[in-house]
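I opened my notebook with a few things to look up here. Come along as I go through them.

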Amino acid sequence: MTVASLYEGWQRVQNHLVHRLPLLGDEELGFRASDGSWPIWAIVSHIAGTRVYWLCMQFKEPGIETTPFRDVSDAWEDNLDVPRRSEELLFAIESSWRIVESTLERWTPDTMDVAITRQVPSGIQRHTRASVLTRMVMHDSFHCGEISQLLGARGLRSMDPWDPVS
């Protein structure tokens, strides 16, 4: 038994991203909440990059070479002078999701306590597989909610994962 069935709702968030990205033009991808906040394109790239960071760079899961994020310095959201288009974002979201799917199909409930440690400025942190999957589900959902707010504030359809994808 794998943990994939425990995270079936996560696929709904992914489906809405995959469906909506090709429908967003450069103007919509540039929507921001304020001057100092990320535009939608940077939020989407951050979602994809975070998946790769935790699963490939931290937990050493395979697949990083199939994404645009080969190392930490590839974070698109760190370079706001180079806006990303929907095709690039779709590739990033789909390639990072394949890593998520593969991981969920291989990890089992009895391996969820496997942990990594990482050095951060405040000290050493310990993260289990379970804590990182929870973090990523919440992270994807939080940022998709942020995108929904940005679209909805401009009269465009939100990305509610419980609405059917049309």
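Below are my entries on one helix, the cysteines and a glycine.

**Entry 1: helix α1.** A reminder to myself before I start: this is a predicted model. I wanted to know which residues of helix α1 are buried. Within residues 10–20, I noted Trp10, Val13, Gln14, His16, Leu17 and Arg20 as the buried ones. These residues cover an arc of only 160° around the axis, so they sit on the same side of α1. What do the buried residues of α1 pack against? I found α3 (40–58), α4 (86–106) and α5 (129–152) as their partners.

**Entry 2: the cysteines.** Next I asked how many disulfides a search of the whole structure finds. The count came back as 0.

**Entry 3: Gly145.** I then turned to Gly145, which I located in helix α5. Is Gly145 buried or partly exposed? I have it down as partly exposed, because its relative accessible area is 31%, and buried would require under 20%. Last, I compared the position of Gly145 with that of Leu17: the two are 128 residues apart in sequence, and their C-alpha atoms are 11 Å apart in space. Leu17 is one of the buried residues of α1 from my opening entry.

Note on methods. Residues are numbered from 1 along each chain as its sequence is written. This is a predicted model: local features need pLDDT of at least 70, side-chain atom pairs count only at pLDDT 80 or more; totals for chains, interfaces and linings use all residues. Side-chain values use heavy atoms; hydrogens and water are left out. Buried means under 20% relative accessible area, exposed over 50%, partly exposed in between (1.4 Å probe, protein chains only). Helices (H or I, at least four residues) and strands (E, at least two) are DSSP runs, numbered from the N terminus. The arc is that of the directions from the helix axis to the C-beta atoms. Contact means heavy atoms within 4.5 Å. A disulfide is a pair of cysteine sulfur atoms within 2.5 Å.
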